Amino acid sequence: MYYEINVAQRNKNGDYNYFFATTKRLAWDKRSVATLLKALVAAFPKPEYEISVTRWEEQGYGEDIQKLLAYLNPESGISVSNLKPGFYIFGNRGNVSSNNCHIAKSGASTLCGTPMLSFNHAKAQDIDVIGCPKCIEKYKKG
Ligand SMILES: [Zn+2]
């Protein structure tokens, strides 16, 4: 979370135009924003200037360590984002939990021949790493 203080300057028509804004490093909590605000309100008085404050929230999300590491080691799996056009990931619930998702070809089946009988959990859950060794081998052979 951080605060951005926006200072607008009045022009000769009486409209306010963007003048400058503070960066996230300057105001990260109520005390730091209040300290900075007090100085800016004194330095840029009304009505020549108009000051507003925006609080920005940033959200953190846990990431799957194995998926991240797989980007560095393409031999351990193929990332969906690197698949050639016409190929996509397929995996049932078990494939997803065991990191063993398949590569499927549009209009066909999985490369290893595993039938696609279930809902595509891998696609729905946005899984990014192919794990099936047979699919990977076939895919690499072209
Ligand atoms: Zn497979």
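Modeller: Domain bounds here come from an automatic or database domain assignment. On that basis the chain is divided into domain 1 (2-56) and domain 2 (65-141). This is a predicted model: local features need pLDDT of at least 70, side-chain atom pairs count only at pLDDT 80 or more, and totals for chains, interfaces and linings use all residues. Residues are numbered from 1 along each chain as its sequence is written.

Biologist: What separates the centres of the two domains?

Modeller: A distance of 50 Å, with the centres taken over C-alpha atoms.

Biologist: Why is Y18 called exposed?

Modeller: A residue is exposed if 12 or fewer other C-beta atoms, placed from the backbone, lie within 10 Å of its own, buried if 20 or more do, and partly exposed in between. Y18 has 9 within 10 Å, so Y18 is exposed.

Biologist: Why are β2 and β3 placed at the edges?

Modeller: Three strands form an open, antiparallel sheet in the order β2-β1-β3. β2 and β3 (49-56) each have a single partner strand, so one side of each is left without a neighbour in the sheet.

Methods
Pairing = 2+ DSSP bridges. Helix = DSSP H or I, 4+ residues; strand = E, 2+ residues; numbered from the N terminus.
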